[in-house]
Amino acid sequence: MDVIEDATAAEASLDPLRRRILAALVEPGSASSLAARLDIPRQKVNYHLRILERHGLVEEVEQRRRGNFTERILQATSASYVISPGALGRIQPDPGRAPDRLSARWLLALASRLVRDVGVLLTGAQQAGRPVATFAMDGHIRFASASDRAAFAEELSEAVTQLVAKHHTARHPDTTGTGKLNRLVIALHPAVPDPGDSDPDQL
């Protein structure tokens, strides 16, 4: 997975034909093989490949000699992509504008910041050849009533507050990285069924 942080690269990746090309180039291929596979003219494929390559979404992995010319073999730089909200610049969601634990829009703003921040960390870690220390949980819970859901949220809040107070230190990072600040995000929202689920109520 790769994170797209540049607005022009994001725009380039969203073109419908370029999305098809990127999906096809999960495995290496040439302009001619893509043209045959996607049933479009080779000149058109070359045009879009140049744009994708210019934005770092496609790269050359090999050159093959075919008769009197050399054929370039290209591949997408990642199997999948996430567009960072940071690509939106000043209009990206800002959870600091209206903090509200019960607001779906605030939850979405938090999620957007999560994508942006982890994307920045992942890019830096890949360049440095180091992993990013993260932790995540995902699951489903069915509540018997709205009051049970509210009680769960209250208990969860209290438990997390106690856990944070137990492990938090005000000490600044030292040379070993001890004391490095981490961000904790917890979300609870109605489950959205996956397209393949035959019975959404069974989530």
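The questions and answers below cover a pocket, a surface patch, arginines and salt bridges in a predicted model.

Residues are numbered from 1 along each chain as its sequence is written, and side-chain values use heavy atoms, with hydrogens and water left out. Local features need pLDDT of at least 70 and side-chain atom pairs count only at pLDDT 80 or more, while totals for chains, interfaces and linings use all residues.

Colleague: What volume does the second largest pocket have?
Modeller: A pocket is an open set of points on a 1 Å grid over the protein atoms alone, where a 1.4 Å probe fits, with protein on both sides within 12 Å along at least five of seven lines. Points are joined across faces, edges and corners, and the volume is the space filled by probe spheres set on them. For the second largest pocket this comes to about 840 Å³.

Colleague: Which residues are the closest to the centre of that second largest pocket?
Modeller: Lining residues have an atom within 4 Å of a point. The second largest pocket has 27 of them. The closest to its centre are Arg101, Ala153, Ile186, Ala187 and Leu188.

Colleague: Which element gives the most to the lining of the second largest pocket?
Modeller: Helices are DSSP runs (H or I, at least four residues), as are strands (E, at least two), numbered from the N terminus. The elements giving two or more residues to this lining are α5 (104-128) and α6 (146-167). With 10 residues, the top contributor is α6.

Colleague: How many nonpolar residues are in the lining of the second largest pocket?
Modeller: Ala, Val, Leu, Ile, Met, Phe, Trp, Tyr, Cys and Pro count as nonpolar, Asp, Glu, Lys and Arg as charged, and the others, Gly among them, as polar. The lining has 4 polar and 6 charged residues. Its nonpolar count is 17.

Colleague: Is Ile186 buried or exposed, or in between?
Modeller: Buried means under 20% relative accessible area, exposed over 50%, partly exposed in between (1.4 Å probe, protein chains only). Ile186 is found in the segment after α6. Its relative accessible area is 43%, so Ile186 is partly exposed.

Colleague: What accessible area does the nonpolar patch with Ile186 have?
Modeller: Patch residues have over 30% relative accessible area and no salt bridge; nonpolar side chains (Val, Leu, Ile, Met, Phe, Trp, Tyr) are joined within 5 Å, like charges within 9 Å. Areas come from the Shrake-Rupley method with a 1.4 Å probe. Leu156, Val164, Leu184 and Ile186 together have about 330 Å².

Colleague: Is Arg18 buried or exposed?
Modeller: Arg18 is found in helix α2 (residues 16-24). Its relative accessible area is 11%, so Arg18 is buried.

Colleague: Is Arg130 buried or exposed?
Modeller: Arg130 lies in the loop between α5 and α6. Its relative accessible area is 63%, so Arg130 is exposed.

Colleague: Which side chain meets Arg72 in a salt bridge at 2.6 Å, N to O?
Modeller: A salt bridge is a side-chain nitrogen of Lys or Arg within 4 Å of a carboxyl oxygen of Asp or Glu. Arg72 is in strand β3 (residues 69-76), and its partner, 12 residues apart, is in strand β2 (residues 58-66). That partner is Glu60.

Colleague: At what distance do Arg97 and Asp94 meet in a salt bridge?
Modeller: Arg97 counts as exposed at 59% relative accessibility. Asp94, at 38%, counts as partly exposed. Their N to O distance is 3.9 Å.

Colleague: Which residue pairs with Arg116 in a salt bridge?
Modeller: Arg116 counts as partly exposed at 27% relative accessibility. The N to O distance is 2.9 Å, and the partner is Asp117.
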